[in-house]
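Here are my notebook entries from an afternoon of looking things up. Have the viewer open beside you and follow along.

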Amino acid sequence: MAEAPLLNVKGLEAWYGESHVLHGIDFDVRKGEVVTLIGRNGAGKTTTLRSLIGVVGKRRGACLYKGADLLKIAPHKVARLGIGYVPEERGIFSSLNVLENLLFPPAWQAGGMANDEIYALFPNLKGRDSTSGTRLSGGEQQMLAIGRILRTGADFILLDEPTEGIAPVIIEEIGAALRILKERGMTIILVEQNLRFAASIADRHYVLDQGKVVDEIPNNALDANMDRLNRYLGV
Amino acid sequence: QDGAPVRIGVLTDVSGQFSHEAGEGAITAVKMAVEDFGGKVLDRPLEVVVADHQNKPEVAVSTAREWYESQGVTMINNLINSGIALAVTQVAKDEDRIAIVNGSGSSRLTNDGCTPNSIHYSYDTYALANGTANQLILQGMKNWFFLTADYAFGHALEADATQIVKGNGGEVSGSVRYPIETSDHSAFMLQAQASPAQVVAMAGSGTTFVNAVKSAAEFGLAASGKTVAGLLVWDTDVHSLGLETAQGMILTNAFYWDRDDATRAFSKRFEERVGRPPHMGDAGDYSSTMHYLKAVEAAGTTDAQKVMAKMRETPINDFFATNGKIREDGRMVHDMYVYQVKTPAESTGEWDILKLVTTISGDDAFRPLSESQCPLVKN
Amino acid sequence: MLNTAPIIEASALTRSFGGFVAVKNVDLKIRAGTIHALIGPNGAGKSTLFNLLTKFLSPSGGQILFKDRDITQMAPADIARMGLVRSFQISSVFPHLSAHENVRVALQARAKETFAFWRSNATLRRFDEEAARLLDSVGLADRAQTKAAELSYGRKRALELATTLALDPEVLLLDEPMAGMGTEDIGRTAALIRSVGKGRTVLMVEHNLGVVSDLSDRITVLRRGEVIAEGSYSEVSADSEVRKAYMGGSHG
Amino acid sequence: MTDIFGVPIAVLLGQLLLGLINGSFYALLSLGLAIIFGMLNVINFAHGAFYMLGGFAAWLLLSALGLGYWETLMAAPLMVGALGAVVERLFLKRLYRVDHLYSLLLTFGIALMLEGLFRHIFGAAGKPYPIPPSLTGGINLGFMFLPMYRAWVIAASLAVCIATWLAIERTKLGAYLRAATENPGLVQAFGINVPLMLTLTYAFCVGLAGFAGALAAPLYQVSPGMGSSVIIVVFAVVVIGGMGSIGGAIVTALALGVIEGLTKTFYPAASSIAVFVVMVLVILIRPSGLFSREA
Amino acid sequence: MISSLEAPRRLRTTGGFLLALAVLLMIGAPLAIYPLFLIKILCFALFAAAFNLVLGYVGLLSFGHAAFFGGAAYITAHAAKVWQLPLELAVLAGTAFAALLGLAFGMLAIRRHGIYFAMITLALAQMIYFMAVQMPFTGGEDGIQAVPRGYLLGIVDLRNITAMYYTVLGGTVLGLVIIWRTVNSPFGHILSAIRENETRVTSLGLKPERYKLIAFTLSAALSGFAGALKAIAFQLASLVDVTWHMSGEVILMTLLGGMGTLIGPIVGASIVVGLEHFLSTSGLPITFIIGLFFVVCVMMFRRGVFGELKVLIERSKP
Ligand SMILES: Nc1ncnc2c1ncn2[C@@H]1O[C@H](COP(=O)(O)OP(=O)(O)OP(=O)(O)O)[C@@H](O)[C@H]1O
Ligand SMILES: Nc1ncnc2c1ncn2[C@@H]1O[C@H](COP(=O)(O)OP(=O)(O)OP(=O)(O)O)[C@@H](O)[C@H]1O
Ligand SMILES: CC(C)C[C@H](N)C(=O)O
Ligand SMILES: [Mg+2]
Ligand SMILES: [Mg+2]
């Protein structure tokens with residue numbers, strides 16, 4: 001492949017206080033791709049995303065995005081490059097109502113979704129504007145967290161376990177939405193435990209274990225590699 | 001014993017809310033007295049020890065006890081803050097040493113709180129209220145309104161002044177008690193203004209008093225024909241208010257630096273060291289320390305009762321007092337002075353702030369012994 | 001077994017937040033000794049219903065009978081004492097106490113050894129054995145001395161379960177007990193729920209349909225605050241309404 | 001003339017007006033305090049000290065540099081705000097993550113330091129600051145004599161309060177700040193420069209206190225203790241209004257000013273306690289304050 | 001904060017050793033240090049330890065503990081001076097008053113959390129303060145002086161400072177033992193669970209308010225006991241003890257020493273009282289320096305002197 005990757009992560013290490021969590025992560029993502037990070041609980045998937053976006057204290061290595069090193073720029077400038085983040089714990093602000101939460105992230109680029117489109121995607125959010133954000137049910141908060149990023153015009157999205165706690169029907173809907181986004185040319189890194197869901201949209205899978213990337217499996221080779229994968233996931 | 005230093009303690013508020021009424025001034029005054037006395041008494045060196053009681057009675061009491069018991073301190077001076085003065089005089093009695101109060105004004109010190117080991121020297125609330133009230137009544141201002149700090153000290157000032165006002169055929173047409181934390185007195189000014197009183201008397205001290213006077217000026221009390229009287233005003237308060245605001249106020253004082261040559265001479269030396277002229281507390285600190293040292297020399301001992309006896313029997317004649325004398329209740333009786341604050345036009349210098357209205361003789365100034373509840377007074 | 005008398009009987013239970021009705025006229029009978037699952041789309045009111053049953057929220061209307069007693073007006077702590085105990089959707093442990101101490105607090109509560117401030121801690125030793133047994137039953141025997149905060153997410157859920165079990169409740173209310181657990185833990189927890197379910201009543205909320213179909217005797221489906229179906233897993237999953245509202249195409 | 005409980009109506013009206021004026025001071029102070037609490041999660045015990053600093057800054061500018069009233073009124077808040085920014089950068093910043101007990105203690109310590117320092121340097125007595133000539137005198141309202149300066153105070157402080165309120169409630173700034181209290185990392189991840197925003201917010205709120213101090217200088221003696229005597233009342237205002245509610249702080253401040261004024265008229269002995277009685281009642285009935293977002 | 005209910009054995013032995021050492025030191029101390037000063041340390045140590053019972057072990061920040069300490073001092077002083085009750089009864093009266101006041105404050109405030117709790121306790125304490133300013137029996141800002149020390153059990157003349165010292169030492173140790181017992185009891189176990197997660201405790205069938213209320217009342221009573229002892233030893237009761245600054249100071253002591261430890265508040269009280277004493281003759285601006293201590297302590301030793309020490313001990317021997 002001739003095209004240079006959109007994101008190139010090399011030797012990424014990260015720490016929480018004194019504990020060394022990532023021990024040299026390497027992977028890359030090309031424009032328009034959906035790439036997943038999978039691995040057991042505690043493998044370092046979330047930490048990898050957090051390191052990219054700049055909310056982990058100490059990091060080392062290089063994360064080249066469109067030629068700039070994400071580790072070297074101020075944390076608040078990462079989003080301005082068009083990177084959107086949907087955190088694992090959803091990060092809904094309890095002191096803001098649903099509408100305020102939705103409108104919260106500034107739109108740093110053109111091309112974001114309009115509110116109506118978001119409501120069409122997640123009907124549960126409709127009519128709940130003035131409810132305090134964290135009063136929503138667990139699943140609704142997840143929808144809100146995804147929805148607000150879609151507004152910002154970000155074209156590179158980091159999604160951390162978007163299906164946790166979501167009812168099966170809605171998981172299908174989220175999957176459909178992500179496929180639409182992909183068609184629009186969006187690049188996505190997805191952290192996911194639900195393999196079936198991941199397989200339905202991803203191009204490639206990186207397997208993480210103990211703070212390292214231990215394998216890379218193209219989506220079309222997933223079935224062939226199921227045994228290997230199950231070993232990694234400890235099933 | 002022989003040759004061991006004689007120590008004098010200055011227990012005062014150096015860093016707190018009363019620091020401008022005592023603090024550095026008190027320390028300097030006592031030190032000056034010791035130096036002027038020659039630095040020695042009974043052939044023993046004299047030393048001054050100083051402590052900041054931070055307005056905490058326990059700090060004061062434990063310092064006083066430690067000084068008296070193990071530091072060879074024979075006399076403690078200044079004692080501002082009535083709670084502390086009342087407590088430390090009791091310690092002096094317990095330890096049979098001497099305490100002289102120049103800071104606190106509470107007349108309880110020579111009333112129910114009197115001890116055979118303590119002297120209340122410079123001024124007290126009774127004399128101040130009494131002086132000002134008498135003077136204004138004399139000028140024909142018989143209708144009074146009190147603006148009183150709502151605590152024991154304010155109540156005492158108001159009660160003493162009221163007694164004089166009523167005793168002289170005057171009347172009190174109103175009185176409000178402001179909580180001591182109040183910084184805004186405008187509500188009370190409206191009430192004062194609405195009252196028919198000729199005199200608005202402020203029974204309080206410190207910053208709240210100063211703020212009350214400021215409001216009085218702001219609301220034009222003087223302009224509407226009322227006289228503002230302060231029942232306890234320090235020179236420093238007037239200075240801090242500025243003459244523009246304070247002009248015309250009537251007040252009583254035990255001392256004013258510009259009274260005569262003797263006061264000016266002392267004040268000049270004091271001002272060189274402290275940066276401002278002395279007020280009644282400072283002058284009293286100096287005068288009383290001097291009187292004490294002379295008594296020690298005369299008695300040939302530092303024994304408290306013998307020294308007390310000497311101090312009582314010797315009249316005080318210096319720049320502070322003329323024929324001052326210490327009564328059995330511990331009150332030092334001397335003349336008091338009624339002043340009026342000068343107008344900016346009358347003033348010729350930063351500290352040229354008061355003009356004398358009249359002098360009250362000591363016997364008229366202080367609470368007569370016949371009214372005293374002090375158990376030491378046999379009547 | 002399905003014919004035993006209902007131990008919890010909620011009738012016309014309603015709760016609204018402002019204008020929004022989260023639980024609407026719900027009638028629910030939980031029979032003693034069964035494992036009863038509550039499913040439904042997000043925001044259907046499952047957690048809210050849990051909160052109402054345990055009085056962590058007050059109902060705006062309706063009545064709750066527990067063991068034939070009206071508990072609608074009772075305080076949450078008293079309800080727990082009667083034997084109706086819950087776990088939380090978001091794990092709720094005592095973070096700075098060890099796993100062992102976490103469980104011991106519950107044992108203490110059960111034994112009413114809680115006010116004695118004049119007695120020594122040593123009196124608590126009598127709970128040690130029981131605590132160890134409970135931790136073992138959830139697979140935490142080797143973690144007894146670890147602080148709860150340092151346990152991984154899945155183990156916290158297990159600890160939460162052990163703590164709840166320590167009260168030996170007659171009725172256990174579990175809110176998404178499997179959420180966030182890895183595949184291995186899900187299997188073990190399911191087995192545990194099945195085993196503690198013997199002789200107890202369990203009411204649980206769960207989105208993992210595998211677990212639900214495996215464990216539950218009876219299922220109630222909620223949608224927008226209302227019950228839309230009730231029955232066994234096969235009955236409920238055959239209901240087209242339920243498939244449309246909850247399960248979607250790929251399950252069945 | 002009619003009386004109410006022995007108080008002439010004219011006096012009563014006057015008292016209401018004065019209460020409102022005092023209330024507008026409380027509003028300036030509690031506004032900043034409420035924002036700092038609501039947005040930074042810091043219980044700013046040093047607020048009174050910054051108020052005092054405002055007064056001293058005004059006095060120093062006047063007496064040392066000879067600046068006029070209007071210049072000092074502009075400059076004093078800027079100076080205080082700058083100091084606030086330094087305090088935030090050096091100290092507070094490191095405490096956002098820990099229990100708010102610590103920021104309370106830190107600001108308590110800073111308040112003591114400032115008060116102690118100023119007393120050491122300038123003495124306890126306080127300094128006079130004259131009412132500017134353009135604002136001396138007064139207006140006769142019929143029912144009372146209203147000093148010009150007080151009329152100016154109420155106008156100036158209400159204008160500043162409302163402008164602040166609009167700036168925070170009507171723009172996204174308020175939402176950013178509230179969110180940053182909860183999860184600064186995430187807000188930053190959305191592209192917002194959180195540390196800078198927090199520093200500026202603290203500096204601004206403390207600057208408001210400085211403004212109040214400069215505004216108060218001609219009314220009250222500029223003294224080291226002037227802050228500690230109002231701070232507790234202002235806290236009560238914020239708690240009653242609901243921590244973090246800005247409009248609530250303003251309305252409550254005005255109302256409490258009036259209540260306090262009326263107790264000063266009818267039962268002065270209770271006027272210091274009135275605020276606390278109201279506070280206890282309010283918290284018992286509405287635990288998180290009258291205007292807080294949560295029920 | 002205590003990290004765990006059962007400290008590692010090593011730490012317990014170290015703690016026990018330190019405690020024994022401290023007691024021995026205190027018994028011998030009057031030989032070297034002026035007893036009245038030591039008495040003051042003891043009284044404040046007990047006060048801080050009692051305060052720590054609610055802050056460190058229940059996680060409630062009370063900003064009104066001065067009301068208990070100072071209030072009890074007034075009642076004790078009045079009882080001993082005016083009602084002429086024997087020493088023991090006067091102290092008991094003060095303590096009982098503080099306990100009742102604590103119960104009343106607690107009932108009003110205990111359901112509130114965090115800053116609201118702090119503010120309600122502050123407001124209630126301010127009411128006590130203003131009452132103390134205005135009620136005739138307190139003597140306003142003058143306070144009550146010349147309180148008789150009396151005789152312990154009718155025999156030991158407490159005018160003797162050494163006798164007074166050992167009496168206060170006894171009282172303080174008694175108070176500390178009560179606190180220690182409470183913290184290390186089944187009840188204390190529940191308290192720390194409440195501090196960790198109140199909702200969870202409710203779901204276990206317990207009513208957190210009751211436990212908090214008992215702990216709060218106990219803390220108030222012991223604070224009152226400390227105030228009562230101080231009133232007798234210093235023969236006075238004053239306004240200073242009921243101001244909010246006093247409530248702030250006890251927080252400083254607790255924090256400085258290390259909250260959630262038994263020894264911490266004692267260390268903290270000694271430091272603050274010692275500092276006050278030392279500074280009083282130093283000529284330095286005291287308020288400034290105390291403020292500086294707050295700042296340094298918050299920025300650098302958040303765990304407090306004893307807390308930091310404990311961490312060092314824990315680290316040194318893995
Ligand atoms: N705030 C923290 N402080 C200390 N250690 C942490 C922190 N957050 C995570 N860790 C540790 O870092 C490691 C990696 O955690 P991370 O959250 O990245 O895992 P993950 O792969 O996302 O797991 P999961 O599937 O459970 O979400 C884990 O061992 C975890 O215990
Ligand atoms: N305190 C509250 N204020 C306003 N709305 C609330 C409140 N609590 C819950 N709701 C609303 O009530 C509805 C039901 O919420 P609940 O948490 O019971 O859903 P749930 O069925 O548990 O969903 P999930 O599966 O996503 O956890 C949701 O729409 C939620 O937004
Ligand atoms: C400083 C004095 C003017 C007043 C003070 N309350 C005292 O009596 O000591
Ligand atoms: Mg994760
Ligand atoms: Mg739920």
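Which residue in S10(C) is the bridge partner of C:Ile219? I looked it up, and the partner is C:Gly231.

**Ground rules.** This is a predicted model, in which local features need pLDDT of at least 70 and side-chain atom pairs count only at pLDDT 80 or more, while totals for chains, interfaces and linings use all residues. Residues are numbered from 1 along each chain as its sequence is written, chains are lettered from A and ligands numbered from 1 in the order in which they are written, and side-chain values use heavy atoms, with hydrogens and water left out.

**Chain C, the sheet.** I followed six strands through an open sheet of mixed pairing, in the order S6-S7-S8-S3-S9-S10. Strands here are DSSP runs of E with at least two residues, helices are runs of H or I with at least four, and both are numbered from the N terminus; two strands pair if DSSP finds at least two bridges between them. Strand S6 (84-86) and strand S10 (226-231) of chain C are the edges; each has a single partner strand, so one side of each lacks a neighbour in the sheet. From one strand to the next, I noted an average twist of 20°. Strand S9 (residues 218-223) of chain C runs antiparallel to S10(C), and five bridges join them.

Next I checked what packs on this sheet. Helix H9 (residues 240-247) of chain C does, touching strand S3 (35-39), S9 and S10 of chain C. Contact means heavy atoms within 4.5 Å. The direction of H9 makes about 120° with that of S10(C); axes are lines fitted to C-alpha atoms, for helices over the stretch in contact, and angles run from 0 to 180 degrees between N-to-C directions.

**Chain A, the magnesium ion.** I found that A:Thr46 (OG1) and A:Glu88 (OE) coordinate the magnesium ion (ligand 4) at 1.8 to 2.2 Å. Donors are N, O and S atoms within 2.8 Å of the metal (3.2 Å for Na, K and Ca), and water is not among the atoms, so sites may look incomplete. The two residues are 42 residues apart: A:Thr46 sits in helix H1 (residues 45-53) of chain A, A:Glu88 in the loop between strand S6 (83-86) and helix H3 (98-103) of chain A.

Are these two buried or exposed? A:Thr46 counts as buried at 15% relative accessibility, and A:Glu88 is partly exposed at 30%. Buried means under 20% relative accessible area, exposed over 50%, partly exposed in between (1.4 Å probe, protein chains only).

**Chain A, overall.** I noted eight helices and 10 strands, and buried residues make up 55% of the 235 residues.
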